[in-house]
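Work through the exercises below with the sequence and the structure in view. Each task is followed by a solution in steps.

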Amino acid sequence: MKTDDFDYDLPKELIAQTPLKKRDSSRMMVLDKKTGKTEDKIFTDLIDYVETGDTLVLNDTKVIPARLIGHKPDTGAVIEVLMLKDLGDDEWECLTKPAKRIKIGTTVKFSDDLSCKCTFVGEDGIRRYKFIYDGILLEILDKLGEMPLPPYITEKLNEKDRYQTVYAKNPGSAAAPTAGLHFTDDVLSKIKEKGVSIAYVTLHVGLGTFRPVSVEDVTKHDMHQEYYEMSEDVANLLNKTRDNGKRIIAVGTTSTRVLETIADETGHFKAQSGNTKIFIYPGYKFKGIDCLLTNFHLPKSTLIMLISALAGKENVLSAYKNAVDKKYRFFSFGDCMLIK
């Protein structure tokens, strides 16, 4: 299986640069994973595709304004630091530009209240830093940091909360779980009114969002680790859903990765937390989910490989060609696809 097998042609003008004025006004392509047939809907039509007794699983991670611009006090060189993963004790794994200027012991200063010192040098621009600050780190980041938008988004985001789901709760992500950006409180209320349960898991999105697949052989790709957790209440709800013969519908590939990490061979769950580096590509047998709501993903990415495992590579690439022809909006601020 080659990485190039998951490539497709995408005109640059279809990459959404800004969110729509209304979160829930995006288009939604519905893909039948068994037949490959597609329908063109809008996001609010999701309510017609969920059934009483189903459970919708959302990732409640919260994006932190993790992109910091600082300088080296000794030379004045400008350094960009993107905080990716909290390692505990004020130490963070970060992506650094230009990384070659940062050695073990190098200090980067962002303000009078915040600086960091390099404690470890990794590959591909990865560094670990011990953060030094006065006050509460998240409050300082709210003032100094920028939202870590993906590199394909070049326009400035005027409202920080638009790169945040309405149900974001647990700070720790370097990128948004973008399938969730379409939801409003009103849509969630209408889904509940239909007798559908809403469950929340957490997965803090990290380096993998920014790392392309660079190997030719898909199976040789080294997947990143991301922290996840599921509560006992959620595990019990999902097990009840499964035992009642109803569907577990994942919102986003991040929720999917949590569910597939925890699910046993019978499709049941238990309360759990830890780090996952699960890599899902065609040939994988899903145990935890039945349906998936997701955005349109980058060519040759681990995410398009994941949905190809669920719906079939030919079905997915055919649907993506259809989406391009019909000028769907792609990636983080783009439209969505329901795989049923």
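**Exercise 1: Helix 3**

The buried residues of helix 3 are covered by, among others, helix 1 (46–49), strand 3 (55–59) and strand 12 (197–203); contact means heavy atoms within 4.5 Å. Helices (H or I, at least four residues) and strands (E, at least two) are DSSP runs, numbered from the N terminus. This is a predicted model, in which local features need pLDDT of at least 70, side-chain atom pairs count only at pLDDT 80 or more, and totals for chains, interfaces and linings use all residues. Residues are numbered from 1 along each chain as its sequence is written, and side-chain values use heavy atoms, with hydrogens and water left out.

Task: find which residues of helix 3 are buried (under 20% relative accessible area; exposed is over 50%, partly exposed in between; 1.4 Å probe, protein chains only).

Solution.
1. Helix 3 spans residues 185–193, and Val-187, Leu-188 and Ile-191 are buried in it.
2. Down the helix axis these buried residues fall within an arc of 100 degrees (directions from the axis to the C-beta atoms), so they line one face of helix 3.
3. Asp-185 and Glu-193, on the other side of helix 3, are exposed.
4. Gly-195 follows helix 3 and has a positive phi, near 90 degrees.

**Exercise 2: Strand 6**

Task: state how many bridges join strand 6 to strand 7 (strands pair if DSSP finds at least two bridges between them).

Solution.
1. Seven bridges link strand 6 to strand 7 (residues 91–97), in the antiparallel sense.
2. Met-83 has Cys-94 in strand 7 as its bridge partner.
3. Two residues lie between these strands in their hairpin, and Asp-89 in the turn has a positive phi of about 55 degrees.
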